[in-house]
Amino acid sequence: MKKQERLNSNIRPDQLVLEFFDRVWHPPHELEAIDELMTEDYTITTGGVKIKGRDKFKDWVGVFQKSLIDAKTENVDIFFDEHKNKVVSRWVCSGKNNGLFGLSPDQRFISFTGIAIWKVDGNRLAECWVERSSYELYRMLIDGTKEAKFV
């Protein structure tokens, strides 16, 4: 969807997230789509780390995508609140390990799950909170364990 169409339309908030997944998290990884889909002061909190600003977010995505070759995020479930200003998505991200967690870039195909909550403002994504199965992914990469015991 073109930027002008989005800003002038009554787009559903889940469509913004799905477009983000499609354009940014599927090849050819259109990082410039972040300028269209996110507010300038977009903030994401992921793994307890807050990244503030659209440009810093683009940099973070670019680095992440270099560590996960052919990165792809597929939506599993998505819904939004009655005010249309919050979206929740469960997803699966996959690709080839190219040095995640500073580990050896062995090019193994990996996948991990996550959940994100987005705040929507003026037909743009304004903020996001992400939790992902990083611990389980790390364990799988270091010792091949698919089922990591947390407790």
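Colleague: What share of the protein chain is made up of buried residues?

Modeller: Buried residues make up 44% of the 151 residues. Buried means under 20% relative accessible area, exposed means over 50%, and partly exposed is in between (1.4 Å probe, protein chains only). This is a predicted model: local features need pLDDT of at least 70, side-chain atom pairs count only at pLDDT 80 or more, and totals for chains, interfaces and linings use all residues. Residues are numbered from 1 along each chain as its sequence is written, and side-chain values use heavy atoms, with hydrogens and water left out.

Colleague: How many helices and strands are there in the protein chain?

Modeller: Five helices and six strands. Their order along the sequence is α-α-α-β-β-α-β-β-β-β-α. Helices (H or I, at least four residues) and strands (E, at least two) are DSSP runs, numbered from the N terminus.

Colleague: Why does arginine 124 count as buried?

Modeller: Its relative accessibility is 13%. The cut-off for buried is under 20%, so the term applies. Arginine 124 lies in strand 6. Its C-alpha atom is separated by 9.3 Å from that of valine 17, which is 107 residues away along the chain.

Colleague: What makes the contact between arginine 23 and glutamate 19 a salt bridge?

Modeller: The distance, and the atoms involved. A salt bridge is a side-chain nitrogen of Lys or Arg within 4 Å of a carboxyl oxygen of Asp or Glu. Here the N to O distance is 2.9 Å. That is within the cut-off, so the pair qualifies. Both residues lie in helix 2, four residues apart, about one turn of the helix. Both are buried too: arginine 23 has 13% relative accessibility, and glutamate 19 has 9%.

Colleague: How do you know that aspartate 70 and lysine 96 meet in a salt bridge?

Modeller: Their side chains stand at 3.3 Å, N to O. The pair links distant parts of the chain, with aspartate 70 in strand 3 (residues 68-80) and lysine 96 in strand 4, 26 residues apart. Aspartate 70, at 44% relative accessibility, counts as partly exposed. So does lysine 96, at 30%.

Colleague: What separates aspartate 143 and arginine 139 in helix 5?

Modeller: About one helical turn, because they are four residues apart in that helix. Their side chains meet in a salt bridge at 3.2 Å, N to O. Aspartate 143 has a relative accessible area of 41%, so it is partly exposed. Arginine 139 is partly exposed as well, at 22%. Elsewhere, salt bridges that share partners join Glu19, Arg23, Glu30 and Glu36 into one network. The whole structure has eleven salt bridges.

Colleague: What makes the nonpolar surface patch?

Modeller: Phe101, Tyr138 and Ile142, with about 270 Å² between them. Patches are made of residues with over 30% relative accessible area and no salt bridge; like charges are joined within 9 Å, nonpolar side chains (Val, Leu, Ile, Met, Phe, Trp, Tyr) within 5 Å. Accessible areas come from the Shrake-Rupley method with a 1.4 Å probe, and for residues only the protein chains shown count as cover. Phenylalanine 101 has a relative accessible area of 41%, so it passes the area cut-off. It is found in the loop between strand 4 (86-97) and strand 5 (109-121).

Colleague: Which residues line the largest pocket?

Modeller: Among them are Trp60, Val63, Phe64, Phe101 and Arg132. On a 1 Å grid over the protein atoms alone, a pocket is an open set of points with protein on both sides within 12 Å along at least five of seven lines; a cavity is a set where a 1.4 Å probe fits but cannot get out; lining residues have an atom within 4 Å of a point. The pocket volume is about 180 Å³. Points are joined across faces, edges and corners, and a volume is the space filled by probe spheres set on them. Helix 4 gives the largest share of the lining, four residues.

Colleague: How do the residues of that pocket lining divide?

Modeller: Seven nonpolar, three polar and one charged. Ala, Val, Leu, Ile, Met, Phe, Trp, Tyr, Cys and Pro count as nonpolar, Asp, Glu, Lys and Arg as charged, and the others, Gly among them, as polar.

Colleague: How many residues line the largest cavity?

Modeller: It has 18, of which Trp25, Ile44, Trp60, Trp91 and Val130 lie nearest its centre. They divide into 15 nonpolar, two polar and one charged. The space inside is about 200 Å³. The search finds one cavity of 30 Å³ or more.
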